[in-house]
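These are my notebook entries on a structure that I looked up part by part. Each entry records what I looked for and what I found.

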Amino acid sequence: MNQADILIKNGTVLTMDPQRTVIEKGFLCIRGDTLSAVAKGDPHEIRADKTIDAKGGLILPGLINGHTHAAMTLFRGLADDLPLMDWLNHYIFPVESRMDREFVRTGTLLACAEMILSGTTTFCDMYLFEEEVAQAAQAAGMRCLVGEVLYDFPSPNYGPIEQGLKYTESLIRKWQGHPLVSIAVEPHAVYTCSPDLLVRANRLSLQYKVPLIIHVAESASEIEAVKKKYGRKPFEHLESLGVLGPHVIADHCVHLDEAEIQRMVRHDVKVITNPESNMKLASGISPVPRLLAQGITVGLGTDGCASNNNLDLFEEMDTTAKLHKVGAMDPTVLDAFTVLRMATLSGAKALGLADRIGSLEAGKRADVIVLDTHKPHLTPMYNPYSHLVYAAKGSDVTHSVINGKLVMEDRRLLTLDLRDVLRHAEEMSEKVLSWLASPD
Ligand SMILES: [Zn+2]
């Protein structure tokens, strides 16, 4: 108890534990990768190698971005305000078809820099060349759950789908037991994956006891397409294939009727909601308050940068609360605490990581952020949850510790050379423009 590798002191600790414990003038001790103490008072007896003074600010669990496509940072602002099919066919697909490992590595490092600088310590990714994503996250010192996107058409990474399943299996085997990187099986969506692929992906996920992550019920046109092809709604279709269970993480879940919601409840499906992306692509409003009322675990994600256009979960939390209030025409819907819990403990539960992260409790891994609250937009502070959701910005985060390692100190990234990351991203944008200028 009297020894710590890192001591964080002199702040209000929002533990986000199930009892909603808040410790004023609290401190926490980190030994190795673990929180060894979360307590109140003056830690003068504790000898620490490194002491972080929160200076009266807020200390809370690192935020969890439950769904993104990290490397799409390199498409940010490339084309906005277009109909979905125009955007995909004329911008995204032509570039993605020529994308390579270097592109994904560069874009993911850029995403990691942005995420750490805005208080995110864990992200869940679906994209191509996921080995590069895992490597980039490891280099940045970020925690992640990642998986190679699987669909019926050939991939620029693995080629035919047979190879996609093998590639996924090799990722699972390679990263098993890694302290930061976990792997999931990630079929893209019901409308891009054949029933056979969905069944095989599910088998792989059950065999290795890893999550199965899939976009479900994102747009009204998806529902129509799936109904037309299979005569069933998306969750009904997945249920009929035996592809539902507590290991399934469904992204978006915008267009649901009561029967679909009850299927999700029956199978304990986890949900990640992405309100800003749903707004930008005019997909609709997910019935999140209804899902929560039914006891479904809902985490929060930004989705990729081409449809958001940033990875700042503080902004996402603010939007989440306000969107549902105006959607329901009821300001009591989704209070600030509930939204912050979606970005912390509920996100951890959704990703199957709640035994390790999501709250500040002794014995859990040390994923912690510190916020400076001595700012005009955060003074005075009557209610820290309110400030975090409605007033704070990602740039208010000063320190970040992930798995017991300090990765940002006084807003300086310690694991990445930011100038390097930005220069590579600039170079890559020239490639993107040249690919668009000369489509093959
Ligand atoms: Zn997505």
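**Entry 1: the sheet.** I began with strand β12 (residues 248-252) and strand β13 (residues 270-273), which pair in the parallel sense over three bridges. Two strands count as paired if DSSP finds at least two bridges between them. Helices (H or I, at least four residues) and strands (E, at least two) are DSSP runs, numbered from the N terminus. I noted that I249 has K270 in β13 as its bridge partner. I then followed the open sheet of four strands, whose order is β11-β12-β13-β14 and whose pairing is parallel. At its edges stand β11 (212-216) and β14 (298-300); each has a single partner strand, so one side of each is left without a neighbour in the sheet.

**Entry 2: the source.** I recorded that this is a predicted model, in which local features need pLDDT of at least 70, side-chain atom pairs count only at pLDDT 80 or more, and totals for chains, interfaces and linings use all residues. Residues are numbered from 1 along each chain as its sequence is written, and side-chain values use heavy atoms, with hydrogens and water left out.

**Entry 3: two cysteines.** I looked up C253 in the loop between β12 and α8 (258-266). Its phi is near 50°, a positive value in a residue other than glycine. C253 counts as buried because its relative accessibility is 0%; buried means under 20% relative accessible area, exposed over 50%, and partly exposed in between (1.4 Å probe, protein chains only).

I turned to C193, in the loop between β10 (186-187) and α5 (195-208). C193 is also buried, with a relative accessible area of 1%. Leaving aside residues up to four places away in sequence, I found that C193 touches L150, Y151, D152, P187, H188, L198 and Y230; contact means heavy atoms within 4.5 Å. The C-alpha atoms of C193 and F153 are separated by 8.7 Å, and the two residues are 40 apart along the chain.

How many disulfides does the structure hold? I found zero, taking a disulfide as a pair of cysteine sulfur atoms within 2.5 Å. For C193, the nearest cysteine sulfur is that of C253, 15 Å away. For C253, the nearest is that of C124, 13 Å away.

**Entry 4: helix α3.** I looked up helix α3 (residues 130-140) and found eight of its eleven residues buried, so the helix is largely enclosed by the rest of the structure. Among the buried residues are E130, E131 and E132. The buried residues of α3 pack against α2 (101-117), β7 (120-127), β8 (143-150), α4 (161-175), β9 (181-183) and β17 (405-409). In the loop between β7 and α3 lies F129. F129 has a positive phi near 55° and is not a glycine; at 6% relative accessibility, F129 counts as buried. After α3 comes G141, with a positive phi near 80°.

**Entry 5: two cis peptide bonds.** N309 is placed in the loop between β14 and α11 (313-328). A cis peptide bond also joins T379 and P380, with omega about -5°. P380 is placed in the loop between β15 (368-371) and α14 (384-390).
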